[in-house]
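Student: I'm new to this one and would like a close look at a single part. Could you walk me through it once it's on the screen?

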Amino acid sequence: MKKSVIQALLLACCGIAATASARQPQNIIFLIGDGMGPAYTTAYRYYMAEETGDVSPTIFDDLLTGMAGTYPDDETRVTDSAASATALATGRKTYNGAIGIDRDHRHLPSLLSEAKSRGYTTGIVVTSQINHATPASFLAHNESRRNYDAIADDYLGEDGRSPVADLLLGGGTSYFIRPDNNLVKVFQQQGYQYLNQYQGLKQLTIPALGLFAPKGLAPALGSDHPHRLANMTAAALKALDQQAKPYVLMIEASQIDWCGHANDIACAMAEMDDFAHTMKLVKEYVDAKEDTLMVATADHSTGGLTLGKHGVYQWKGPALKKVSVMPEQIAQLLKESPEDLENIVQTHTGLTLTAVQRPIFLQALKDPDDTNVEQLAQLVKHLIDEATYTGWTTSGHDAIDVQIFAHGPQAEQFRGFMDNTQIGKKLISLLQPIPAGS
Ligand SMILES: [Zn+2]
């Protein structure tokens, strides 16, 4: 009998309303858009609209429930990803740079470690290296996010024998296959399937470790796999369902933040598109299953992204769809064929150089041997920002509140304003004790 029919019968015969709010979620899917402040979801909405057409709500608009503050455990107010991910993972504030520990260096249990100890299956799916700050805060303890090798070692568990995560998908072979230690081998000895090609996701079984790049995955913009987060997530959900066991899955769109640090709006929109596809497929899954809660948020906002600048009342987001590759790739092409300047810029950005911009590019390309690709990429980004009226205030993070999105059983608990620690605490409080052998 369908659940909705049972609920209707319960209500008719006994006055029991087995409503969505009364149900506890079996499974929890926690999604984090790293660096995805409200300006990013707004930008994505206008980016997706036709240049002169109607504006439609996005998946982010559909699932919005609240806002969260993100300040770390000091007076700076501007958090980094480690402190905010620790808050989201453990429900406790800490200092910038800390991975799963508080200011007194006490190890904090996380949503995933708590879930694991109660018998849940646990997993992470990210687009950074899997030992980067956000996933690390769910799976490891370290005084500094920079201790990448030690954090990777920690993924095997405190006793080195029982990893916290049953499923790990993302990048990071440089940290897991090292001259001093081959962690992949140890995972394999413990029965983990190892994948290093996206194709392998078709046969994904749990436990599994999938590392698809030396560090972070290739950026979505200009990639053969622009929806790699959505694809990894689809494979993860299928494999988790085959377990027939409750699970907690953390999914991070890690590189929205990297685009923000680089003040690269085209890069950011491509990462947002991958995250939107991921959110959509998770929502469809939640609607079909009825026993799974999805909660999404950001750890902080990055770059001080502004839609509109120079006093001009305009933001031309849809024009960004014509940017076909990363600015660094455009810069590389320009360095290789400086005589093709106009053509390369037009082909890969859809933009025409103005009389002011042309001499600046020509100056930068004067001596091809001396051309600095990074500086040239800055010029390309500046060109795109000027054409679309995109502004940035910092190459770092900012202290602005971030959004909360929730759907499924107990989603109403994530409504209104919350501190980021409350999100972590609430998620942990929703874990159920699972009897052994279930
Ligand atoms: Zn960052």
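Student: What spacing do the donors of the zinc ion follow along the chain?

Tutor: Keep in mind that we're looking at a predicted model. Along the chain, the donors of the zinc ion are spaced as D-x3-H-x135-H. Now put residue names to that pattern: the protein donors are D257, which is listed with two OD entries, along with H261 and H397, each through NE2. They lie 2.0 to 2.3 Å from the zinc ion. Because D257 belongs to helix 11 (residues 255-261) and H397 to strand 12 (residues 397-398), the pair ties together parts that are 140 residues apart in sequence.

What about the geometry? The site of the zinc ion is irregular, with angles of 57 to 153 degrees among its four donor atoms. To count as tetrahedral, four donors would need all their angles between 85 and 135 degrees, so you can see how the label comes about: the angles here run from 57 to 153 degrees.

How values were computed
Residues are numbered from 1 along each chain as its sequence is written. This is a predicted model: local features need pLDDT of at least 70, side-chain atom pairs count only at pLDDT 80 or more; totals for chains, interfaces and linings use all residues. Side-chain values use heavy atoms; hydrogens and water are left out. Donors are N, O and S atoms within 2.8 Å of the metal (3.2 Å for Na, K and Ca); water is not among the atoms, so sites may look incomplete. Four donors count as tetrahedral if all angles lie between 85 and 135 degrees; four count as square planar and six as octahedral if opposite donors are over 155 degrees apart and all others between 65 and 115; anything else is irregular. Helices (H or I, at least four residues) and strands (E, at least two) are DSSP runs, numbered from the N terminus.
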